[in-house]
Each structure stands twice: as C-alpha cells, then as structure tokens.
Amino acid sequence: MAVKVGFIGTGGISRPHRKHLKNMDDVEVVAMCDLEKDRVAEAAEEWNAVVYTDYKTMLENEEMDALYVCIPPFAHEDQEIMAAEKGIALFVEKPVSVTMEKAREVDAAIRKNNVVSCVGFQGRYLDIIAQTKDLLKDRPVGLAMGYWMGGMPQVPWWRRKEMSGGQAIEQTIHVTDTARYLFGDVKSVYAAGRTGLMTDVPDYNIEDSSAATLVFENGLATTIFSACFLSGGRGRGGIDIFTKDMNIEYRERRSITIIQNGNSELVEVQNDFWQDMDNDFIDAVRKGDDSSLKTTYADAVKTQEVVMAVNRSIETGEVVQISDM
Ligand SMILES: NC(=O)c1ccc[n+]([C@@H]2O[C@H](COP(=O)([O-])OP(=O)(O)OC[C@H]3O[C@@H](n4cnc5c(N)ncnc54)[C@H](O)[C@@H]3O)[C@@H](O)[C@H]2O)c1
C-alpha cells in the first residue's frame with residue numbers, strides 16, 4: 001500500500017523533499033497546504049494533491065500516514081500536535097521552533113501518541129560524517145572549531161529575530177547539531193555577538209556575527225562561529241577537529257580532509273544524503289518505528305536547547321547551563 005503524505009509549507013525546502021518522494025515507489029502526496037494559494041496549487045499539480053490554505057482544515061479533512069512540516073521557525077503553532085494526535089508521522093524542518101515551550105509541547109505530543117518523527121538535519125546522513133564518527137571512536141577530541149559564515153538568505157522572515165531566531169538558530173544549528181552528533185551532549189554555553197554592519201539591509205534585528213563556546217559533557221570546549229553579513233568574500237562552513245594524532249577538517253556537506261603524520265587525504269561526499277534521509281523516514285513510517293533514524297524530534301529538541309542557550313547568552317552576557325533551558 002502506498003504511504004500517503006501531506007505537506008504544510010510548499011516553499012524553498014519543500015522542493016528537494018518533494019523530488020525525493022517522487023523518486024520512491026509507493027509514496028503518494030495526497031494533500032498540500034500553504035498560506036500562498038498559487039504556490040501550493042503549483043506544487044500540488046504533479047501529484048494531483050488536494051490544495052489547502054489552512055492546515056487545520058487539511059488535517060481535519062484528510063487521511064495521511066506522514067506529514068512534512070516545511071514552514072519558517074516562527075510559524076509552528078499546532079500543526080505537529082494536531083497531526084500527532086491523529087497518529088500521523090512527522091518530518092519537521094529545522095529549527096523546530098523559536099521557543100523551547102513550543103518545542104517541548106510538540107515533543108510531548110509525539111511521545112504521548114508514539115508517532116514516528118524526523119527532523120531535517122541531513123548532515124547526519126553524510127557518508128563523510130559516518131567516517132568521521134568512526135575515526136573519532138577511539139580518539140578523544142582535544143579541540144574543535146565550527147563555522148557557518150555566509151550571506152543573509154533572502155526570504156523575508158529571516159532578518160527578524162522573533163521570526164527566524166537569527167543565524168545561530170536558523171543556519172548554524174546544522175553545525176551545532178553535527179557537533180552534538182560527533183561529540184555528545186552540551187553542558188553549558190557562553191556566547192557574544194554583534195549587529196549593525198549590514199547597513200544595506202532594511203529592518204533587521206539579528207546578529208551579524210557571533211562566537212559561541214560550547215562545553216560538552218565530556219569536557220571538550222568548542223567554539224562555533226556564525227556570520228550572515230558576508231557578501232563579497234568567501235564564507236566558511238564546517239568543523240575543524242583536532243585530536244592528538246589526527247586533524248579532520250569537515251567542510252559542510254562537501255568533504256573531509258584527514259591529516260596525519262604530514263599526510264593529507266581529501267575525501268569527498270559520495271552519497272545522496274538528503275535522499276537517504278527521506279528514504280529512511282518513509283521506511284520508518286512503513287515500519288511504525290523510528291528507532292533506526294539518525295535524527296528524531298526528541299534529539300532535535302536537545303540541539304534546539306543549545307542554540308537557544310547561545311541566544312540567551314548573547315542577550316544576558318552570562319554563561320548558560322543547558323539544564324536551565
Ligand atoms: N534542512 C535544510 O538544509 C534546510 C534548508 C532550507 C530551509 N530549511 C528550513 O525549512 C523551513 C522553511 O524554509 P523555506 O526556505 O522553505 O522557507 P520559504 O519562506 O521558502 O517557505 C516557507 C513556506 O511556508 C509557508 N507557510 C508559512 N506559515 C504557514 C502556515 N501556517 N501554514 C501553511 N503554510 C505556511 C509560506 O507561505 C511559505 O510558502 C525553515 O525552518 C528553514 O530553516 C531547511
């Protein structure tokens with residue numbers, strides 16, 4: 001039997017997911033919702049899916065096995081909770097919210113209704129991240145530096161902190177999540193940031209840049225740099241990892257360079273990691289079991305705590321304990 005899928009949000013990130021679902025056998029997108037009628041109508045055409053502009057009406061009217069929630073961070077209301085209560089599996093795009101309250105409410109609904117969940121941290125599906133994890137199995141990490149430094153995405157909600165959360169939450173969260181995947185849970189955060197450089201961008205209130213020092217439960221200290229003000233130079237994304245006998249330079253979704261004893265080996269990504277993540281999610285939906293997924297909502301809540309702590313530390317100037325989030 002075909003797995004029946006719905007979408008809430010048919011903008012930028014919904015496109016790769018829709019393409020991946022097309023590549024699978026026995027998957028049918030049955031209903032789609034977006035506030036923008038023309039956008040959702042166009043997206044629904046290739047599936048002949050039913051079109052909605054109100055998610056509540058869609059979830060009341062339609063039967064589906066899984067729902068992709070591909071909306072901006074501020075827009076998460078009761079979409080996931082309504083779906084979980086109907087027993088619908090959830091794929092939620094990162095970041096799952098701009099408040100911990102909403103993230104926890106959704107997490108509780110997912111647990112209570114025991115539905116499959118997945119969050120869009122596709123970095124966990126990279127073959128080079130699997131290799132890095134393997135290389136670090138018996139190598140304690142002495143130091144690491146992470147980066148997501150680039151320009152400002154042009155979607156209108158991105159420049160407002162109350163809508164996107166700002167760079168640490170909206171984009172650098174990928175690096176933070178990969179760091180958690182590789183190094184374990186975070187204990188505390190201290191961060192500082194600046195704003196005011198982007199004089200050509202009207203009406204923005206997010207940081208241009210920030211540096212966040214994360215202390216992990218295993219004692220490792222890592223600094224993660226964020227920047228969204230770059231327009232002419234070269235950005236940087238990834239993590240530089242230092243162990244006693246080996247450095248690993250991860251370049252976001254592209255490659256790792258393994259440096260040891262004066263030798264340097266470049267390993268480029270070989271797998272279609274986004275497709276792999278969507279395949280894994282749909283498999284989990286078929287089985288009704290998400291225990292083999294590399295990223296679940298419950299785990300994404302822990303990454304969310306860290307990036308929310310970065311923002312709180314920038315605002316207060318204080319060290320933030322993750323247990324206080
Ligand atoms: N995993 C990744 O690498 C990745 C990449 C890009 C974006 N994203 C994430 O995906 C999310 C969406 O980003 P995007 O680039 O697609 O944004 P977008 O602005 O292109 O699209 C969002 C869509 O959601 C719709 N929408 C908003 N509120 C809605 C509601 N209540 N009901 C129905 N539709 C609603 C908007 O009308 C819009 O069409 C963001 O959280 C972003 O961080 C993830």
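This is a predicted model: local features need pLDDT of at least 70, side-chain atom pairs count only at pLDDT 80 or more; totals for chains, interfaces and linings use all residues.
Colleague: What makes E1 and E2 a pair of strands?

Modeller: Two strands pair if DSSP finds at least two bridges between them. Six bridges join strand E1 (residues 3-8) to strand E2 (residues 27-33), so the two strands meet that criterion and pair, running parallel. One of the bridges sets Val3 against Val27 in E2.

Colleague: What is the order of the strands in the open sheet of six?

Modeller: The order is E3-E2-E1-E4-E5-E6, and the pairing is parallel. Strand E3 (50-52) and strand E6 (117-119) stand at the edges. From one strand to the next, the twist averages 20°.

Colleague: How do you know that the radius of gyration agrees with that of a compact globule?

Modeller: With 325 residues, a compact globule would have a radius of gyration near 20 Å; the chain has 20 Å, and therefore the two agree. The C-alpha trace spans about 60 × 45 × 40 Å along its principal axes. Buried residues account for 46% of the 325 residues.

Colleague: Which domains does the domain assignment give?

Modeller: The assignment gives domain 1 (3-122 + 274-295) and domain 2 (124-269 + 305-324). Their centres, taken over C-alpha atoms, are separated by 26 Å. The contact between them takes 14 residues from domain 1 and 16 residues from domain 2. On the side of domain 1 that touches domain 2, eight residues are nonpolar, three polar and three charged.

Colleague: What makes E12 a partner of both E11 and E13?

Modeller: At least two bridges are required for a pair. Strand E11 (residues 236-243) and E12 have five bridges in the antiparallel sense, and five bridges also join E12 to strand E13 (residues 255-260), again antiparallel. Asp240 stands opposite Glu249 in E12, while Asn247 has Ile259 in E13 as its bridge partner. The hairpin of E11 and E12 has three residues between the strands. In the hairpin of E12 and E13, which has three residues between the strands, Arg253 takes a positive phi near 60°.

Colleague: Which residues form the covered and uncovered faces of E12?

Modeller: In strand E12 (residues 247-251), Ile248 and Tyr250 form the covered face, whereas Asn247, Glu249 and Arg251 form the uncovered one.

Conventions: Residues are numbered from 1 along each chain as its sequence is written. Helices (H or I, at least four residues) and strands (E, at least two) are DSSP runs, numbered from the N terminus. Axes are lines fitted to C-alpha atoms, for helices over the stretch in contact, and angles run from 0 to 180 degrees between N-to-C directions. The radius of gyration is taken over C-alpha atoms; the globule rule is 2.2 Å times the number of residues to the power 0.38. A residue is buried if 20 or more other C-beta atoms lie within 10 Å of its own, exposed if 12 or fewer, and partly exposed in between; C-beta atoms are placed from the backbone. Domain bounds come from an automatic or database domain assignment. Two residues are in contact if their C-beta atoms, placed from the backbone, lie within 7 Å. Ala, Val, Leu, Ile, Met, Phe, Trp, Tyr, Cys and Pro count as nonpolar, Asp, Glu, Lys and Arg as charged, and the others, Gly among them, as polar.
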